[in-house]
Amino acid sequence: MGIWAEIKEDFRAVFKLDPAARNRLEVVLSYSGLHALFLYRINHRLLKFGIPFFPRFLSQLARFLTGVEIHPAARIAPGLFIDHGAGVVIGETSEIGTGCLLYQGVTLGGTGKETGKRHPTLGDHVVVGAGAKVLGNITIGDYVKIGANSVVLKSVPAHSIVVGVPGRVIKKRMVRMDEAGPVEFLDHIHLPDPMEDRFRALEERVAELEGRIQKGKIASQTSMRIYNTLTGKKEPFEPLEPGKVGMYVCGVTVYDHCHIGHARSAIVFDVIRKYFRYCGYDVTYVRNFTDIDDKIINRAKQEGIPWNEVARKYTDEFRKDMGLLGVEPADVEPLATEHMQEIIDMIKVLEEKGYAYAVNGDVYFLTRKFDGYGKLSKRDLDDLMAGARVEVNEAKRDPLDFALWKASKEGEPAWESPWGPGRPGWHIECSAMSSKHLGQSFDIHGGGADLTFPHHENEIAQSEATHGKRFVRYWVHNGFITVDKEKMSKSLGNFFTIKEILERFDPEVVRFFLLSTHYRSPIEFSDEQLKEAEVSLDRYYTTSWRLSGILATASKKERSTPEEKVFDGMCSGFDDRFRAAMDDDFNTAQAIGVIFEFIREVNRYLDSKPSGESLLERVRRAKDILEGVGRVLGLFARTPEDWYRVLLNSRKVPMDEAGILSAIDERKQARANKDWDRADRIRNELLDAGILLEDRPDRTDWKVKV
């Protein structure tokens with residue numbers, strides 16, 4: 001290889017090994033290690049041509065200019081990178097392989113005064129940490145990592161890690177299956193260091209103090225806090241009846257397939273219900289279906305079927321979608337058409353109290369008579385225009401009055417009433433059903449933010465006017481889903497049905513995506529966001545896979561590690577941290593952060609290579625913790641094997657499970673025949689297809705690479 005080819009390889013190595021390298025000009029002008037190598041390449045050629053004086057003179061000039069001293073007689077393969085090169089010394093008979101990395105203060109020196117080879121030989125892709133000394137005629141194998149400030153006096157086998165004074169090998173080549181495939185435990189950036197044990201002790205102390213602080217915060221928190229739309233602030237949760245929670249959530253109008261916005265509301269309140277039960281509350285959860293509405297009647301005409309068949313059809317579709325998303329049925333799922341008597345009775349009371357008036361078979365609520373109308377949506381009556389679903393006509397006394405009962409038109413479904421045949425307005429349905437199943441006052445009323453006005457505002461007016469008492473203690477509204485910063489809605493035509501999304505992504509991925517943002521915040525919907533959610537879920541299942549493997553194959557020999565103290569502390573404080581997140585207005589995003597912080601610590605503990613019964617106890621504890629919080633969030637219910645079967649489809653792996661198992665059997669036979677080349681070739685073919693293998697004592701497992 002010519003000198004310019006070598007210099008080009010050195011230049012490329014900067015960008016390969018230094019993530020801070022930004023552009024070519026910056027590297028050419030400011031990287032002293034590269035300058036020193038450039039001058040060395042020239043000096044080495046001059047020396048080989050037998051030119052006297054100049055090679056040594058130029059090498060001293062290079063040392064003065066760059067702080068790096070490289071003897072012109074040293075033999076350095078292309079692709080060396082000297083990072084922050086001040087103080088680097090490379091002796092006369094040193095040899096350095098391709099792709100090596102030296103940090104500042106490194107010395108490749110000789111020992112003794114004998115002639116001949118006195119300096120070390122470094123193999124390919126060796127990393128030498130800051131301040132390390134490699135002394136004498138010794139050989140450092142390929143892919144060795146030498147810790148900062150180590151002094152290496154003996155040869156080191158390939159794929160080893162060396163630390164200390166004198167240098168000692170602390171790890172042979174060790175590889176585990178991670179999210180990105182087979183990886184070594186340590187990388188170029190996280191080199192071993194003699195100070196590591198001290199820093200680790202400091203980390204343990206910090207973790208202990210953080211745990212105490214967190215417990216102090218929890219102790220000072222008198223109760224769960226919920227953001228109340230009515231007051232515009234977080235409030236301590238105090239149910240009407242101690243230990244019990246009554247919760248009503250507005251369901252869907254069943255005239256079409258549900259979109260991702262419906263999924264968000266259903267999942268949010270499903271988790272809220274689950275968390276209340278996790279905390280020991282007796283929960284009654286009511287979610288209605290609006291099964292009579294103008295949209296249902298119009299859809300029946302379009303499809304040429306009766307209106308009640310439309311309602312039944314899309315109610316069933318809703319339940320199928322929710323089942324796939326892991327949303328459990330509500331405790332009570334009332335239909336508007338099954339509560340006509342309750343609706344009529346409530347309208348009669350409002351009419352008797354002067355809050356309602358009849359006109360030509362229609363009945364309207366007298367909005368201005370109700371003191372406090374607009375308190376939920378923070379709107380002033382004088383500034384209000386007729387809102388969504390409020391029909392404006394000359395029969396009304398006021399444009400803001402809304403329908404409680406609608407006279408039926410010819411061919412429309414109708415129920416008998418004191419005002420003639422007709423059907424209920426949208427708002428009165430929820431007031432009648434919620435009071436029937438939860439009482440005149442109850443704890444939580446939920447729904448999407450788009451229901452705040454006019455639907456929930458009207459519910460408050462008609463319910464409190466009827467019963468003369470506070471309707472709901474806490475109003476909880478989930479935020480919108482947006483597409484290109486615009487609210488997703490059917491009217492804008494930018495919505496995606498749940499069925500469409502589940503054709504491309506697994507339901508658990510969708511659920512994770514929706515819970516990864518606080519329920520009141522808007523979510524920007526995109527395939528990229530869902531792919532990120534898939535990657536995050538894979539982190540969990542990779543860890544679960546690892547834990548299951550340890551339970552099946554762990555050594556009985558007891559071996560403790562310093563990391564177990566931090567791990568035990570994380571386990572002990574996990575429930576407090578998880579509850580602190582969820583008690584803060586059901587912050588599932590923060591709770592998921594707590595879970596993945598725990599997953600990171602689990603892997604860190606396992607990386608320290610513990611063994612014995614204490615390891616098995618900790619692994620079982622970790623699995624119990626993760627599965628327990630998974631039940632609260634409705635996540636992590638699969639086995640890792642089932643998850644990887646899902647990824648075969650979503651990642652479009654060009655093999656099915658039968659093909660993978662056949663390849664594993666073929667590889668097993670090749671290994672039995674000691675045909676190692678064939679066995680390696682099969683593994684590599686699977687890896688190219690996106691399949692990773694892990695050999696266990698009794699079997700070989702597979703997973704999809706994400």
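Predicted model: local features only at pLDDT ≥ 70, side-chain atom pairs only at ≥ 80, totals over all residues.
Arg299 is buried, with a relative accessible area of 16%.

1. **The partner of Arg299.** The side chain of Arg299 meets that of Glu303 in a salt bridge, at 3.5 Å from N to O. Both residues belong to helix α7 and sit four residues apart, about one turn of the helix. An α-helix has 3.6 residues a turn, so residues three or four places apart point the same way. Glu303 is partly exposed, at a relative accessible area of 28%, whereas Arg299 is buried at 16%.

2. **The two sides of α7.** Which residues of helix α7 are buried? In this helix, spanning residues 294-303, they are Ile296, Ile297, Arg299 and Ala300. Because they cover an arc of only 165 degrees around the axis, they fall on the same side of α7. Lys301 and Gln302, on the other side, are exposed. The cover over the buried residues includes α8 (307-324) and β25 (422-424).

3. **The ends of α7.** Just after the helix, Gly304 takes a positive phi of about 70 degrees.

4. **β24 and its neighbours.** Strand β24 (residues 402-407) is largely enclosed by the rest of the structure, since five of its six residues are buried. Three bridges link it to β23 (residues 362-365) in an antiparallel arrangement, with Tyr364 pairing with Ala403 of β24. Three bridges also join β24 to β25, again running antiparallel; here the bridge partner of Lys406 is Arg423 in β25. You will recall β25 from point 2, as part of what covers the buried residues of α7.

5. **A link to helix α14.** The side chains of Arg504 and Asp527 meet in a salt bridge at 2.9 Å, N to O. Arg504 lies in the loop between α12 (498-502) and α13 (507-515), while Asp527 is in helix α14 (residues 527-553), so the contact ties together parts that are 23 residues apart in sequence. Arg504 counts as partly exposed at 36% relative accessibility, and Asp527 is partly exposed too, at 27%.

6. Salt bridges with shared partners connect Asp270, Arg273, Lys274, Arg277, Glu328, Asp331 and Arg511 into one network. How many salt bridges does the structure hold? The count is 47.

7. **Asn228.** What lies 2.9 Å from a polar atom of the Asn228 side chain? It is the backbone oxygen of Arg473. Leaving aside neighbours within four places in sequence, Asn228 is in contact with Lys233, Glu235, Arg470, Arg473, Tyr474 and Trp475.

Notes: Residues numbered from 1 in each chain as written. Heavy atoms only, no water. Buried < 20%, exposed > 50% of the residue type's maximum accessible area, 1.4 Å probe, protein only. Arc of directions from axis to C-beta. Contact = heavy atoms within 4.5 Å. Polar contact = N/O pair within 3.5 Å; in protein donor to acceptor, adjacent residues only side chain to side chain. Pairing = 2+ DSSP bridges. Salt bridge = Lys/Arg side-chain N within 4 Å of Asp/Glu carboxyl O.
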